[in-house]
Amino acid sequence: MQANYYIKCDICGAVNNLKYQMGFSTRHPIKFKCTCGVSLRGEFSKKNGISFENAQLMNNKSDKLPALVVYSSGDFLTMPPFIPTDITQLFMPSSFIYATMYLNYDEFRKEFSFIVNYRDKFHRINRAINELYFSGNKTLLVETINKNFNDPIFNLQTNNDTDIFKSVAKINQFQFLNSKESDAVMKITSLYHKAVSEKRTELENYLSFLKKLNYLEKWKRRIYNLCDTVYDKIDLLIPIISVDFYKGDKEKMLDGSFAITTTSFEDIKQLYVDLYELIADILILLVGFDNVLECGDHEKIKPVVGLKVNSLSDMANMRNKGNIIKFLDNGGEACELVCKCMSPDIRNSIGHYDYDSEEIANSLGQRIKFYNVNNKDEFEEKTLTKICYDIWQMYNCMGIFGELIYRLELHSRVLEGQHPSECNDLYKAIVGIQEKKKKIYPNDKCPCGSGLKYKKCCGKK
């Protein structure tokens, strides 16, 4: 259902027609620019309805054409704001109808419901679990996991330190399981199993390389913290997830054909910078992993034009994030999973405040100009929807990095004799190393630490 409101700007007195699409969102911000250039800031909540901090809801409909017509939704992208010239323009299709003309609605609703459910039921407890984990409060951590994730569907164990490690990692990966990007997470898992099966010795050499750098734990903490930050602001971004479910050319629909009314560029620009920086810092993880898979030598790096980088060790010493991102251009299967939307020019423009946000009704667009920090006459223009979508893609890359870090850390633990209390195919593959070193008889205890006989566990035919 679409609700019709008339909003009077506190600054210029202009009356704007807000056509609000009632949807599944129970709360979210509402933001758009008045014709005077002032951002009108409001919110919707299921309990209190719509309210604005710098505009007033009018009780009576205005007899005049509104200064601006704004379609708003917490679920979908909408048509852009426009200045009406004829009364018939006030009776155009609703945001729901407009969206579902282009949208695979059932698939979108499934994704939307998953994200909102994670936001409402799991986000805050996930944050608490991470804080307990990194602070070393094992007793309360186990209690919190068992209390909140005791449903058999989660299949989490807390019988020993490796169980706890696994449970924390799985809890952090839940947020990526229903995403369309979950295929990429499954792909990185498949590539890891391939490396264990075909390149195990070099994979473990690579693991030793990473452990010497002491990066894995630091990367994991940063991923967890940044994902938490994204979900703190998820209400600003929810409409952008619909892009993945639209039929047709995504880039065309992100060029200004649609608008987003839950955020502004200033609200989300730091997310772009933080995600860009983290992906650039962790990209070495996938580059080295691709080296293991492709040539069996984690140090043997593909040359990048213009860069004097001859090995993975050289890459580890690089500081220029823009140059690091260039490795995506000739990466292998793992690097191919990472989105290609990251722009060093946009990142630098944000960092140097060299941008102009033109989210104003006069231009009838939500466009941002990012200036070249070395030449102010040059700029790159992007829509707000495109920036939001790039942020969403970069966020989903966290699932890829998080999954590979989890697999490598777990591999390291098993090699050190820190086994989980339950066994599965992953440990069978790793424990195969011990099989070759020492004869294991069917009635011996399984070396994975499950407590079962070998014939009933990893040795089961």
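These legends walk through a set of views of one predicted model.

**Figure 1. The whole chain, to get our bearings.** The predicted chain holds 16 helices and 10 strands. Its C-alpha atoms fill a box of roughly 90 × 55 × 40 Å along the principal axes. Of the 461 residues, 55% are buried. If we look at contacts between residues at least 6 apart in sequence, 65% of them join residues at least 24 apart. The accessible surface comes to about 21,400 Å², with 47% of that area belonging to carbon and sulfur atoms. As for charge, there are 62 positive and 58 negative side chains, and the centres of these two sets lie 6 Å apart.

Figure 2. To find Met-101, follow the chain to the loop between α1 (95-100) and α2 (105-121).

Figure 3. Gln-56 sits in strand β6, which covers residues 55-57. Is this residue buried, exposed or in between? Gln-56 has a relative accessible area of 44%, so it counts as partly exposed. Leaving aside residues up to four places away in sequence, Gln-56 touches Tyr-6, Ile-7, Lys-8 and Asp-10. Take Ile-7 as one of these: Gln-56 and Ile-7 are 49 residues apart along the chain, yet their C-alpha atoms are separated by 5.6 Å.

**Figure 4. Lys-453, in the segment after α16.** Lys-453 belongs to the segment that follows α16 (425-437). With a relative accessible area of 42%, Lys-453 is partly exposed.

Figure 5. Side chains of opposite charge can pair when their charged atoms come close. A search of the whole structure finds 25 salt bridges, and one of them is shown here, with the side chains of Asp-228 and Arg-127 meeting at 2.9 Å, N to O. This pair links distant parts of the chain, since Asp-228 lies in helix α8 (residues 216-232) and Arg-127 in helix α3 (residues 123-135), 101 residues apart. Asp-228 is buried, at 17% relative accessible area, whereas Arg-127 counts as partly exposed at 25%.

Figure 6. The side chains of Glu-217 and Lys-220 meet in a salt bridge of 3.3 Å, N to O. Which spacing separates the two partners? Glu-217 and Lys-220 are three residues apart in helix α8, so about one helical turn lies between them. Glu-217 is partly exposed, with 33% relative accessibility, while Lys-220 is buried, with 5%.

Figure 7. Arg-407 and Glu-403 join their side chains in a salt bridge of 2.9 Å, N to O. Both residues lie in helix α15 (residues 384-415), four residues apart, about one turn of the helix. Arg-407 is buried, with a relative accessible area of 14%, and Glu-403 is buried too, with 7%.

Note on methods:
Residues are numbered from 1 along each chain as its sequence is written. This is a predicted model: local features need pLDDT of at least 70, side-chain atom pairs count only at pLDDT 80 or more; totals for chains, interfaces and linings use all residues. Side-chain values use heavy atoms; hydrogens and water are left out. Helices (H or I, at least four residues) and strands (E, at least two) are DSSP runs, numbered from the N terminus. Buried means under 20% relative accessible area, exposed over 50%, partly exposed in between (1.4 Å probe, protein chains only). Contact means heavy atoms within 4.5 Å. Accessible areas come from the Shrake-Rupley method with a 1.4 Å probe; for residues, only the protein chains shown count as cover. Lys and Arg count as positive and Asp and Glu as negative; His and the chain ends are not counted. The place of a charge is taken as NZ of Lys, CZ of Arg, CG of Asp or CD of Glu. A salt bridge is a side-chain nitrogen of Lys or Arg within 4 Å of a carboxyl oxygen of Asp or Glu.
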